[in-house]
Amino acid sequence: MIAINDIVAASHFFVARHVRPGDTVVDATAGNGHDTLFLAKLTGPGGRVHAFDIQKKALANTRALLEKNGLEQRVSLHLDSHKNMPVHVSGPVRAIMFNLGYLPGGDQELVTVPDDTVAALSGSLGVLAKGGIISVATYSGHQGGSQEEEAVAAWCNGLSPREYTVMKLRVLNKENNPPMLWLIKG
Ligand SMILES: C[S@@+](CC[C@H](N)C(=O)[O-])C[C@H]1O[C@@H](n2cnc3c(N)ncnc32)[C@H](O)[C@@H]1O
């Protein structure tokens, strides 16, 4: 059972239904490693997780969490922008997760930015498997967050309905800019 106001749990719910053991998947924003750990468990010993972050601190936190769980062998950590995903990852990739914004507990100035996010989303389409899924959690409460959410919305609206199915989820009746989850199925 997932709480319907928990966007991250909802992203895990949908991603889990598109990934099988042995698959290759991507965490486009490693942060503190919670999504990377989730993906490493999901893909199993024969799978491969590629995790990206532009902050050394984030990748160190992610590595520590993976090591605590004995799963570091399943993950390739990339200290690079997710817009360079196609340089590091070749398809087919069954799931690509974006959890946008800033590193919780870190520098709130170091946030994902619309141009790089949209470039990374476009690059994702080149490696996404047929039937694979992209999840994007957007947060409009911080500086620049609503512009990024608008950029993601515009990008999603531009996707061909013949090739992709797009869904968005948001809690409507809460204050303080509830986050939004975007799901793109290839
Ligand atoms: C909300 S956090 C991610 C949370 C993470 N998925 C977790 O489970 O802990 C967003 C992360 O995106 C990273 N980030 C910002 N710009 C980026 C970029 N261009 N490429 C990759 N990561 C980026 C930030 O450094 C930050 O760690």
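The legends below describe close-up views of a predicted model.

Local features rest on residues with pLDDT of at least 70 and side-chain atom pairs on pLDDT 80 or more, while totals for chains, interfaces and linings use all residues. Residues are numbered from 1 along each chain as its sequence is written.

**View 1. The seven-stranded sheet.** The strands form an open sheet of mixed pairing in the order β3-β2-β1-β4-β5-β7-β6. Its edge strands, each pairing on one side only, are β3 and β6 (165-170). On average, neighbouring strands are turned by 15° against each other, direction ignored. Strands (E, at least two residues) and helices (H or I, at least four) are DSSP runs numbered from the N terminus; two strands pair if DSSP finds at least two bridges between them.

**View 2. The β6-β7 pair and the helices on the sheet.** Six bridges join β6 to β7 (residues 180-185) in the antiparallel sense. Val166 stands opposite Ile184 in β7. Helix α1 packs on the sheet, touching β4, β5 (128-138), β6 and β7, and its direction makes about 175° with that of β5. Helix α3 also packs on the sheet, where it touches β2 and β3; its direction makes about 170° with that of β3. Axes are lines fitted to C-alpha atoms, for helices over the stretch in contact, and angles run from 0 to 180 degrees between N-to-C directions.

View 3. Among the buried residues of α2 are Leu37, Phe38 and Leu39. They pack against α1 (7-16), β1 (24-27), β2, α3 (56-68), β3 (75-79) and β4 (93-99). Just after α2, Gly44 takes a positive phi of about 75°.

**View 4. The largest nonpolar core.** This core has 40 residues, and those with the most contacts inside it are Ala28, Ala95 and Ile96. A nonpolar core is a set of buried Ala, Val, Leu, Ile, Met, Phe, Trp, Tyr and Cys residues joined through C-beta atoms within 7 Å. Leaving aside neighbours within four places in sequence, Ile96 is in contact (C-beta atoms, placed from the backbone, within 7 Å) with Val26, Ala28, Ser124, Leu128 and Ile134.

**View 5. The shell around the ligand.** Of the 20 residues around the ligand, Thr29, Gly31, Asn32, His34 and Leu103 come nearest; a residue counts as near if its C-beta atom, placed from the backbone, lies within 6 Å. At least two residues of the shell come from each of α2 (34-43) and β2 (48-53).

Conventions:
A residue is buried if 20 or more other C-beta atoms lie within 10 Å of its own, exposed if 12 or fewer, and partly exposed in between; C-beta atoms are placed from the backbone. Two residues are in contact if their C-beta atoms, placed from the backbone, lie within 7 Å.
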